[in-house]
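Here is a short report on one structure.

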Amino acid sequence: MTEIDWAGLRREAEQVRERAYAGYSGYRVGAAAVTEDGRLLTGCNVENASYGLTLCAECGVVSDLHSSGGGRLVALACVGGQQHSPPQPVLPCGRCRQLLAEHGGPGMWVDSPDGPVRMDYLLPDAFSETELNR
Ligand code: THU
């Protein structure tokens, strides 16, 4: 694994979590990622009165990736919890695994309660653009 400042990433995720818009579930999530060229990206969850339209914190990270110049994701940390609970590491939901895999590939690292794991552990045999060319 390339040298990742996991403590720093978790801290950034905790900070951006403070900005979560999560009044419906009360579950506040923050995510922070680093790109191949060393940029720091962040995102928080943004809920909606039409619950199914909620944007996960990881969606914000992917938007930040492209709005700040594109490139590839190398590592991501995500933390969540109810407002007054201490934030805990959160593994991305199924949709976000697919979303992140598109921009980080199978070798991207994702924080977990047991320490960082590779994307191809979280999403084995992923569907990707390779399939579209068959
Ligand atoms: N959530 C995230 O932001 N990321 C995840 O990977 C899991 C779930 C958010 C969505 C919703 O606002 C809240 O957590 C409860 O599901």
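A residue counts as buried under 20% relative accessible area, as exposed over 50%, and as partly exposed in between (1.4 Å probe, protein chains only). This is a predicted model, where local features need pLDDT of at least 70, side-chain atom pairs count only at pLDDT 80 or more, and totals for chains, interfaces and linings use all residues. Residues are numbered from 1 along each chain as its sequence is written, and side-chain values use heavy atoms, with hydrogens and water left out.

**Aromatic pair**

The partners are Tyr-24 and Tyr-51, with 5.5 Å between centres and 45 degrees between planes. That makes the pair tilted; planes under 30 degrees apart would be stacked, and over 60 edge-to-face. Tyr-51 is exposed, at 58% relative accessible area. Tyr-24 is partly exposed, at 43%. Tyr-24 sits in the loop between H1 and E1, and Tyr-51 in the loop between strand E2 (40–44) and H2, so the pair ties together parts that are 27 residues apart in sequence. Helices (H or I, at least four residues) and strands (E, at least two) are DSSP runs, numbered from the N terminus.

**Ligand site**

The residues around the ligand (a heavy atom within 4 Å) are Ser-25, Tyr-27, Val-29, Asn-45, Glu-47, Thr-54, Cys-56, Ala-57, Glu-58, Leu-91, Pro-92 and Cys-93. By type, the shell has seven nonpolar, three polar and two charged residues. Nonpolar covers Ala, Val, Leu, Ile, Met, Phe, Trp, Tyr, Cys and Pro; charged covers Asp, Glu, Lys and Arg; the others, Gly among them, are polar.

| Residue | Protein atom | Distance to a ligand oxygen |
|---|---|---|
| Glu-47 | side-chain N or O | 2.5 Å |
| Ala-57 | polar backbone atom | 2.9 Å |
| Cys-93 | backbone N or O | 3.0 Å |

On its own, the ligand has 370 Å² of accessible area (Shrake-Rupley, 1.4 Å probe), and the protein covers 78% of it. Strand E1 (27–35) and helix H2 (57–67) are the elements that give two or more residues to the shell.

**Gly-26**

Where is Gly-26? The loop between helix H1 (6–17) and E1 holds Gly-26. Gly-26 counts as buried because its relative accessibility is 19%. Leaving aside neighbours within four places in sequence, Gly-26 is in contact (heavy atoms within 4.5 Å) with Glu-47, Gly-81, Gln-82 and Gln-83. Gly-26 and His-84 are 58 residues apart in sequence, with 9.5 Å from C-alpha to C-alpha.

Definitions and conventions:
Polar contact = N/O pair within 3.5 Å; in protein donor to acceptor, adjacent residues only side chain to side chain. Phe/Tyr/Trp six-rings, centres within 6.5 Å; stacked < 30°, edge-to-face > 60°.
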